[in-house]
Amino acid sequence: MRPSSSFAVLIALLGTSHVHALNPRHAEIAHKRQVMAAGVTIVPVATGTSIPPLSSITFGMPSQATLPVSKTFSAGASAPVSDAPALPTPLVFSPADWPAEDHIPPTDSDEVTMWMQELEGKDIPNIPPTVDGSCVNDTAAAADATNRGWWTCGGYTRPTDIVACPDKFTWGVRTLLNYLDQKNISATFFVVGSRVIERPQLLIEEYMAGHEISVHTWSHKHLTSLTNEQIVAELGWTRHAIRTVLGVTPTTMRPPYGDIDDRVRAIALAMGLVPIMWTRTPGDWKVAGGMVAGPDSFATFQNILSNATVIDTGFIVLQHDLYQITVDLAIGYTLNAALTHNPPFKLEAIGKCSNLPASNLYFESSTNNTFPSYNNSNGGFDIDGDGVLDLKSAGFTNTVPFFSAVIVAGVLAIFI
């Protein structure tokens, strides 16, 4: 990979690749014919794979079997991050220990009561929840989006949000584990807590491969539509699940659908989680939803690439990894287009593209010198919600400086 630019990599779900039994030569010919008809720049089908032609990547396409975890690690294995604890004892799932998967966790649990204490003494804006996180169904909130700092209705961000890598042609991306390994690419995975407890070995494989892990809530709901207690529950249980599996607690988060305002930001920061946003998306999720076809999404991606030269910083491009459709798009077309672009992009994880030490991306290993978050009045956080404070010898600073990073989501199939 050429060193002239860098490309940040973000991954929000856990997953595995899919393989099609198509003749590669036939796929290449069909691909060339369809992209010429669609007016899309031709990008070769991924070498050595059987990714289908672009015209076949659309809603209703056949799905292949998900590949199993390729590597396993034992408790006590050394962490890939400096000063981070070793892998803990493997999670033995018991429904009694966790909220119902994919539902907003109850707010009357002992754990949420403990986590709510992290908001004490913090300036949490008194902003009422939105109707459902959308602009069209809450016109009053949408009209006040500027004051709310509401990203959904106007793209408003704050200096505490990670929004762009500092270096031009730096870009973030999410993609499949084996593809990342083949291309020597590191990524940032934003994980849903419900999937963490469901498939912990996939999360371990991502983390031990050197990828960055971040919080993406428990049930993937619009956070601006939730109460303060519900937001705390969504973030707290996901934080707890990740640490139970990995032994470390992320210091970053990404709101589902990008639905964040100043109230959600303040709560996340009070819990030691810095929000990460994005600036571009090819709309790959629309392919999986049957709204557009593969060539349409790829054409949008090509426009993103062509506009990179007019941006002074790197940028965040969001792709998804929940469906085989988005996996095939990324491995066969979009990521290859980014890697072969002129000038080239360098694909990196968000923290790395922002020149942040990997240790600062986790509470347990962070020195908090270059990646601080809101100070907890007691010098730590109760990650497990058991009433025992997890203290940091380095402490947490009281201010949040200006910083930036880049993301592009990718293609794995566990966390949204």
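Trainee: Where is the place of D102?

Mentor: D102 sits in the loop between helix 1 and helix 2. Bear in mind that this is a predicted model.

Trainee: Is D102 buried, exposed or partly exposed?

Mentor: D102 counts as partly exposed, at 36% relative accessibility.

Trainee: And what is phi of D102 near?

Mentor: Phi of D102 is near 65 degrees, which is a positive value in a residue other than glycine. D83 also has a positive phi without being glycine, near 70 degrees. The place of D83 is in the loop between helix 1 (24-38) and helix 2 (110-116).

Trainee: Is D83 buried or exposed?

Mentor: D83 is exposed, with a relative accessible area of 63%.

Trainee: Let's zoom out. How many helices and strands does the chain have?

Mentor: The chain comes to 13 helices and 10 strands. It has 416 residues, and buried ones make up 58% of them.

Trainee: What share of contacts join residues at least 24 apart?

Mentor: Taking contacts between residues at least 6 apart in sequence, 80% join residues at least 24 apart.

Trainee: Where is V163 found?

Mentor: V163 is in the loop between helix 4 and strand 2 (170-172). It is partly exposed, with a relative accessible area of 24%.

Trainee: Back to W237. Which helix does W237 lie in, and is W237 buried or exposed?

Mentor: W237 lies in helix 8. W237 is buried, because its relative accessible area of 5% is under the 20% cut-off.

Trainee: What does W237 touch?

Mentor: Leaving out residues up to four places away in sequence, W237 touches D97, W98, P99, P105, S109, E111, V112, W115 and W218.

Trainee: Staying with helix 8, at what angle do helix 7 and helix 8 pack?

Mentor: Helix 7 (residues 200-208) and helix 8 (residues 228-246) pack at about 75 degrees, with axes 10 Å apart. That angle makes helix 7 roughly perpendicular to helix 8.

Trainee: Which residues in helix 7 and helix 8 meet?

Mentor: From helix 7 there are P200, L203, I204 and Y207, and from helix 8 there are I242, V245 and L246. By class, this contact has 7 nonpolar residues, no polar and no charged.

Trainee: What else does L246 touch, beyond residues up to four places away?

Mentor: L246 touches A86, L87, P88, L203, I204, Y207 and I213.

Trainee: And which residues touch the most other members of the largest nonpolar core?

Mentor: I57, Y207, I213, L235 and L246 do, in a core of 75 residues. Helix 12 gives the largest share of this core, 10 residues. There is a second, separate core of 6 residues that includes F190, L269, I276 and I350.

Trainee: What tends to happen to nonpolar side chains in general?

Mentor: In soluble globular proteins, nonpolar side chains tend to be buried together.

Trainee: You mentioned helix 12. At what angle do helix 11 and helix 12 cross?

Mentor: Their axes cross at roughly 20 degrees and come within 10 Å; helix 11 is residues 294-306 and helix 12 is residues 324-339. Helix 11 and helix 12 are therefore roughly parallel to each other. The crossing of helix 11 and helix 12 is right-handed.

Trainee: Which residues meet there, between helix 11 and helix 12?

Mentor: G294, S297, F298, F301 and L305 in helix 11 meet L329, Y333, T334, A337 and A338 in helix 12. The residues of that contact divide into 7 nonpolar, 3 polar and no charged.

Trainee: Last one, helix 9. How many of its residues are buried?

Mentor: For helix 9 (residues 262-270), 9 of its 9 residues are buried. Among them are D262, R263 and R265, along with L269.

Trainee: What covers the buried residues of helix 9?

Mentor: The cover includes helix 4 (145-148) and helix 8, plus strand 5 (252-253), strand 6 (274-275) and strand 9 (380-381).

Terms used: Residues are numbered from 1 along each chain as its sequence is written. Side-chain values use heavy atoms; hydrogens and water are left out. Axes are lines fitted to C-alpha atoms, for helices over the stretch in contact, and angles run from 0 to 180 degrees between N-to-C directions. Helices (H or I, at least four residues) and strands (E, at least two) are DSSP runs, numbered from the N terminus. Angles under 35 degrees count as roughly parallel, over 145 as roughly antiparallel, 65 to 115 as roughly perpendicular and the rest as oblique. A crossing is left-handed if the near helix is turned anticlockwise from the far one by less than a right angle, and right-handed if clockwise. Contact means heavy atoms within 4.5 Å. Ala, Val, Leu, Ile, Met, Phe, Trp, Tyr, Cys and Pro count as nonpolar, Asp, Glu, Lys and Arg as charged, and the others, Gly among them, as polar. A nonpolar core is a set of buried Ala, Val, Leu, Ile, Met, Phe, Trp, Tyr and Cys residues joined through side-chain atoms within 4.5 Å. Buried means under 20% relative accessible area, exposed over 50%, partly exposed in between (1.4 Å probe, protein chains only).
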